[in-house]
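Here's a quick briefing to read with the model open beside you.

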Amino acid sequence: MSDDSGKDEFDSRSMRFIDWLKRSGTTVSSKIQLADLRQQSAGRGVVAREDIEEDEELFSVPRSSILTVETSGLPVAIRSDLQDPWLSLILAMAFEQQRGEESPWKPYFDVLPATFDTLMYWSTEELEYLRGSAVVGKIGKQSADKAFSEQLVPILSDDDLLTLFHKMGSTIMAYAFDLEDASRQSKTEGEDWEEDSDAGESLPKGLVPFADILNADADRNNAKLFYEDDKVVMKTITAVQKGEELFNDYGSLPRADVLRRYGYVTDNYAKYDVVEITLDMVKGVTKEHLKLAEAGLLPRLEYLEEQGILEDGYDVSRASNEDGPLTDEFIVLLNTLVLPSADFDKLKKKDKLPKPELSERALQLLHQILLHRRAMYPIDDINSTQDPSGIPASANGTSNEHRRNMAVQVIKGEEEVLRKAAETVQKLFEDGNKRKVGTFEDEVANMHLEKKQKT
Ligand SMILES: C[S@@+](CC[C@H](N)C(=O)[O-])C[C@H]1O[C@@H](n2cnc3c(N)ncnc32)[C@H](O)[C@@H]1O
């Protein structure tokens, strides 16, 4: 996301925005100020001018200044046709943006980004840099295009609006808040509330001016938004020293999702990196490994479905994760798939599941799954500390170097997650004095070589 305006224009937009905020009833502590952080590639941010204590109010925004479907000027007849909170807010924003000077939010729109580095805006060539990562399947450009064309364009009857809808949709992704009411927030407090949670999906969304100027840092979160009846209040959750930046919490997101939603990547989200293994891949590798036909797997899959173990995909996370690299559900799935038939029948009769500790057979299957998953990344020299994408920079001059570097960080992170998981498997074999499995790196290299020879 970027704002390439000159320093004077950038500062004058910031000043007009602050004036507008204050005129509209926002109160701002004298201990903070808006800062130009473009040198750190972080756009605008908020910085402490003085030391601030924990639990101090930084600013409060009246609910009337929050841009929502209801506060916007979007005619009631139009908005009542749309149930989806995303689509409704996109339409409300597009409507206000089109009003130009007439919109009460004009000074706010002027500090919102004009361009994006979120994955929605990457060319097909740039997305190649992320080949192997499950994030490519989560961008949702086609489904967004379909929803915009079918549901929004007919309302405003103008095809050119598609670009504007994408811009608004991407702004929501990186800037909007799920708007809780005061009683709801106190109820969910301490329940590990995440913006992306299922409950959050159904909450109304809104743009909260100023609260969305705060950047995020996985290790230095020091501020949080609190919802009151008639206003929202940003407060410190730790003491902050003069000169330090104020950071909101964007959630425990893997770097692939930080890139998808926010268009940037930093190392301190590396701890949340994951690699998704689809159920389809588990089925495919199991059939190959156990020399089974689909019908042979079916009874077990049906049983696991009944037991609530079956998911579309399973995340492998960093081995350093408190819970280890694999979820209990994934371990139970693997243990069940490799059980000898008689043992599976016995277990099923007792309505039980295997323990979430990998059996030797499950370890062997897992090793194969990790190899297959690793082979999905286009990495020739997996020991290289350089660029793992295998794709030359600016292959045809249309790719963006900055985007490529971000993709490289994501792919290297995911490759590391897989390697660490494979090392854990190896260690479990050794601890149990079991037969050693091959070295992961060598096997992946062989797999790539075989693939190359075939093509
Ligand atoms: C909610 S906005 C924060 C305000 C934003 N900096 C601006 O100038 O409008 C989220 C966007 O800020 C940027 N951002 C947030 N945290 C960042 C960080 N730690 N480093 C770099 N950019 C960051 C990303 O572009 C992200 O999409």
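H12 passes H13 in a right-handed crossing. Keep in mind that this is a predicted model. Here's the rest, topic by topic.

**H12 and H13**

- Helix H12 covers residues 294-306 and helix H13 covers residues 328-338; they pack at an angle of about 150 degrees, with axes 10 Å apart.
- On the H12 side, the contact comes from Leu297, Arg300 and Leu304, and H13 brings Leu333, Thr336 and Leu337.
- Sorted by class, that contact of H12 with H13 has four nonpolar residues, one polar and one charged.
- A bit of helix background: an α-helix has 3.6 residues a turn, so residues three or four places apart point the same way.

**H3 and H7**

- The axes of helix H3 (residues 85-98) and H7 come within 9 Å, crossing at roughly 115 degrees.
- H3 passes H7 in a right-handed crossing.
- From H3, you'll find Trp86, Leu89, Ile90, Met93, Ala94 and Gln97 in the contact. They meet Leu161, Leu164, Phe165, Met168, Gly169, Thr171 and Ile172 in H7.
- What classes of residue make up the contact of H3 with H7? There are 10 nonpolar and three polar residues, and no charged ones.

**The ligand shell**

- There are 18 residues around the ligand, and Ala42, Gly43, Arg44, Asn215 and Tyr262 come nearest.
- Strand S3 (44-48), helix H7 (161-175) and strand S7 (215-216) are the elements that give two or more residues to this shell.

**Two domains**

- The chain is divided into domain 1 (7-252) and domain 2 (274-454).
- Where the two touch, domain 1 puts in 12 residues and domain 2 puts in 18 residues.
- On the side of domain 1 that touches domain 2, there are four nonpolar, three polar and five charged residues.

**Helix H1**

- How far apart should the ends of H1 (residues 7-23) be? At 1.5 Å a residue, its 17 residues should span 24 Å, and the end C-alpha atoms are 24 Å apart, so the two agree.
- After H1 comes Gly25, with a positive phi near 105 degrees.

Notes:
Residues are numbered from 1 along each chain as its sequence is written. This is a predicted model: local features need pLDDT of at least 70, side-chain atom pairs count only at pLDDT 80 or more; totals for chains, interfaces and linings use all residues. A residue is near a molecule or strand if its C-beta atom, placed from the backbone, lies within 6 Å of it. Helices (H or I, at least four residues) and strands (E, at least two) are DSSP runs, numbered from the N terminus. Axes are lines fitted to C-alpha atoms, for helices over the stretch in contact, and angles run from 0 to 180 degrees between N-to-C directions. A crossing is left-handed if the near helix is turned anticlockwise from the far one by less than a right angle, and right-handed if clockwise. Two residues are in contact if their C-beta atoms, placed from the backbone, lie within 7 Å. Ala, Val, Leu, Ile, Met, Phe, Trp, Tyr, Cys and Pro count as nonpolar, Asp, Glu, Lys and Arg as charged, and the others, Gly among them, as polar. The expected span of a helix is 1.5 Å times one less than its number of residues. Domain bounds come from an automatic or database domain assignment.
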